[in-house]
Amino acid sequence: MTLTATVHFAFIAYLVTGGFAALRFRRTLPLHVAAVVWGLGSTLLGWPCPLTWLERWARARAGLAPLPPDGFIAHYLTGVLYPADAVGTVRLAVVAIVVASWVCFAVTARRRRV
């Protein structure tokens, strides 16, 4: 279960900052795009997250309380790292960070071609 939570935190961190990592490791950009698409799908369309499913399964097997219906982020981040009433602000900040990283990537790619 701890490994699952760690991987989940790593995925979220990569979703937020992976575009900046792609500035250094250019071939990772498609992986970051996939992570962002998955994050948007989970947030906007309600796509199920396999890591949340795995976390629920592990918690049940360990005899721990289940995750809340809203899932991993509601349990570990909302109300812990940021106030529960700031979810919209946090989501906008994540989008702004991702867009900024992709703009930096595009500018860098254009400069390399010129």
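Which residues do ring pairs link into a cluster? Phe 9, Phe 72 and Tyr 76 are the members. The model is predicted, so to speak of local features requires pLDDT of at least 70 and side-chain atom pairs count only at pLDDT 80 or more, while totals for chains, interfaces and linings use all residues. Residues are numbered from 1 along each chain as its sequence is written, and side-chain values use heavy atoms, with hydrogens and water left out.

Four aromatic pairs are found in the structure, where rings of Phe, Tyr and Trp (its six-membered ring) pair if their centres lie within 6.5 Å, and planes under 30 degrees apart count as stacked, over 60 as edge-to-face and the rest as tilted. One of them joins Phe 9 to Phe 72 in an edge-to-face arrangement, at 5.0 Å centre to centre and 65° between the planes. This pair links distant parts of the chain, since Phe 9 belongs to helix H1 (residues 2-24) and Phe 72 to helix H4 (residues 72-76), 63 residues apart; helices (H or I, at least four residues) are DSSP runs numbered from the N terminus. Phe 72 is buried at 1% relative accessibility, whereas Phe 9 is partly exposed at 34% (buried means under 20% relative accessible area, exposed over 50%, partly exposed in between, with a 1.4 Å probe and protein chains only).

Trp 38 and Trp 47 form a tilted pair, with ring centres 5.3 Å apart and planes at 55°. Trp 38 is partly exposed at 32% relative accessibility, and Trp 47 is partly exposed at 33%.

Definitions and conventions
Helix = DSSP H or I, 4+ residues; strand = E, 2+ residues; numbered from the N terminus.
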